[in-house]
Each structure stands twice: as structure tokens, then as C-alpha cells.
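Here are some notes for a first look at this structure. Please keep the model open while reading them.

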Amino acid sequence: MSIIPERDVNRKGYTMKKTLLWLSLLSASFLSSAYANNAAIEKSLAKMGITVEEIRNSPIKEVKMVLTNEGVLYTSEDGRYVFQTAIYDISGSVPKNTTISTLSTKIDEISDEMIIYKADKEEHVVTIFTDPTCLYCIKLHKSIPEYNKLGITVRYLAFAREGLQSKSADEIQDVWCSSDQKQAFVEASKGNKVTHTNCKIDTSTHYNLGLQMGIQGTPAIVYKQMILPGFVEPTQLKAMLKNFDKQP
């Protein structure tokens, strides 16, 4: 049996309904404001011929992160100001690229399209944007046994350093559509023609993701919130990865 008077029960029920209605209106108002802001950003960037793929919050208050066909941009919430840069968290001893952290899910989405050289005793996993026609990419490729021996798994994504309309872009597509991708990479690095079959892999997706991450050349080594441009000698890379993992 309830010991609360009926009028109190009704009052509490009324108060609860009133609170839920208030929260519902507040949520609707917030979503409406967010959509309005996003629309303003899309409209502003459309003037520049830029197509917006996705709008996210950035680590900086009142600044939005915008994924576009031209890479990652940052804008004011009203879409009035736009800038293109990498945002680093420098609270620790090693700068952390927050853009990379945000886009890491996109890397995972195409993990089944990677050419992977797995370390037997894996301690670190790096993703490398590569091009078999690039001299330093070839140098890095020859060092893969050393990386693996040090516990570093290497995962390749394609990045045509001369652009998607180049000869190297066609050669990269041939490598990724080959029945033996690893051997095809070696052959392409020697300048040999690679035969392939039709496949569903579109290496332009890798290239566009690289652009969004701010990559401009190859090889580019991505590890968590860090990008290392160029070839890094195996023992040096191992030391850098260990040092990065020590940071909070």
C-alpha cells in the first residue's frame, strides 16, 4: 500500500512529464541549431567548389572539423572562416596529431584492402602510404624483414605520388588488383609490367584518405596520432614508436 497521498503522486507525475517535455524541447532546439550551423558551413564551402562529406566537432571549442573532397578543413561554427592545417595536442612531450586520431576509423574501414607484412612477435602496427615507383618507398620495402624482426607490422595503403591521373596511379591499381600483391609490388618497383584481374579495390580511396590526413608524398608512416614523412631506418622507427607509446 502506498503511503504517498494521491495528490502528491499526481503532482510528481505532472512534474516528471514537465521535465521530460523540457528536455525534449531543449534537445530539439540543440539539434536544430547544429543542423543550421552545418548548413551554413556547407553553403560557405560550396562557394569555393568544395563538397562536404562529413562535419565533426574538433578538439577546439567553436571550431568544426570538416571532411571534404579537398581534404580536412576547419571552420568557425558559422562557416565564416575556414583554414586548412593539422591540429596538434602538445600537452605531452610528443606532439599528437588530432586529425589523424579522428580519421583512424577510416583507415580501419579499408584494412581488408591493405598489403600486410605481419611481425611474428608484433608490438607495433604502422600503416604506410606507399608507391612502388618511389625510390624511398623501395628502400623502405627492402627493410621490411628488419621492421618485422623488431616487432613492427607493416600495412600498406596506396598513394600515387604523382596524382590519380598519372602512370604511377595505374601501376598502383595493377599491383593492388594482382593475385599476388606482394610479388606484384616487387615487380612494379623494378619497372616491370604487372598483370592483374578485375577487382573491387579502388586505390583512389586510399589516395583520397591520404590527402585528408595531410599526406603530400611517399612513403608516409602513420602510427596512432603521428605521421612520419619519408623513410625511417628500422631501429630508429622502433625507438620512436616506443617513445610515443610512453606518452600519456
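1. Start with helix H8, residues 234–246, in what is a predicted model. At 1.5 Å a residue, its 13 residues should span 18 Å. The C-alpha atoms at its ends are 19 Å apart, which agrees.

2. Which residues of H8 are buried? They are Pro234, Leu237, Lys238, Leu241 and Phe244. Looking down the axis of H8, these buried residues fall within an arc of 130 degrees, so they line one face of the helix. Note that a lysine, Lys238, is on the buried list.

3. Next, strand E8, residues 124–130. This strand is mostly covered, with 6 of its 7 residues buried. E8 has strand E9 (residues 152–158) as a parallel partner, joined by 7 bridges. Within that pairing, phenylalanine 129 has leucine 157 of E9 as its bridge partner.

4. E8 also pairs with strand E10, residues 220–223. Here the strands run antiparallel, and 3 bridges join them. Isoleucine 128 stands opposite isoleucine 221 of E10. As background, strands of a sheet pair through backbone hydrogen bonds, either parallel or antiparallel.

5. Follow E10 onward to E11. The two run antiparallel and are joined by 4 bridges. E10 and E11 form a hairpin with 2 residues between them. Lysine 224 lies in that turn and has a positive phi of about 50 degrees, although it is not a glycine.

6. Met226 and Leu228 make up the covered face. Ile227 and Pro229 make up the uncovered one.

7. Where does the largest pocket have its centre? Met213, Gly214, Ile215, Gln216 and Ile227 lie nearest to it, among 21 lining residues. Strand E3 (71–76), helix H7 (203–212) and strand E11 (226–229) each give two or more residues to the lining. The volume of the pocket is about 280 Å³. By class, its lining has 10 nonpolar residues, 11 polar residues and no charged ones.

8. The peptide bond from threonine 218 to proline 219 is cis, with omega near -10 degrees. Proline 219 sits in the loop between H7 and E10. For context, most residues other than glycine have a negative phi, and most peptide bonds are trans.

9. Glutamate 62 also deserves a look. Its phi is positive, about 65 degrees, although it is not a glycine. Glutamate 62 is in the loop between strand E1 (52–57) and strand E2 (63–68). Is glutamate 62 buried or exposed? At 60% relative accessibility it counts as exposed, because the cut-off for exposed is over 50%.

10. Last, the sheet that holds E1 and E2. Its 4 strands form an open sheet in the order E1-E2-E3-E4, with antiparallel pairing. E1 and strand E4 (82–83) stand at the edges, each with a single partner strand, so one side of each has no neighbour in the sheet. E1 and E2 pair over 5 bridges in the antiparallel sense. Arginine 56 stands opposite methionine 65 of E2.

Key. Residues are numbered from 1 along each chain as its sequence is written. This is a predicted model: local features need pLDDT of at least 70, side-chain atom pairs count only at pLDDT 80 or more; totals for chains, interfaces and linings use all residues. Side-chain values use heavy atoms; hydrogens and water are left out. Buried means under 20% relative accessible area, exposed over 50%, partly exposed in between (1.4 Å probe, protein chains only). Two strands pair if DSSP finds at least two bridges between them. On a 1 Å grid over the protein atoms alone, a cavity is a set of points where a 1.4 Å probe fits but cannot get out, and a pocket is an open set with protein on both sides within 12 Å along at least five of seven lines; lining residues have an atom within 4 Å of a point. Grid points are joined across faces, edges and corners, and a volume is the space filled by probe spheres set on the points. Ala, Val, Leu, Ile, Met, Phe, Trp, Tyr, Cys and Pro count as nonpolar, Asp, Glu, Lys and Arg as charged, and the others, Gly among them, as polar. The expected span of a helix is 1.5 Å times one less than its number of residues. The arc is that of the directions from the helix axis to the C-beta atoms.
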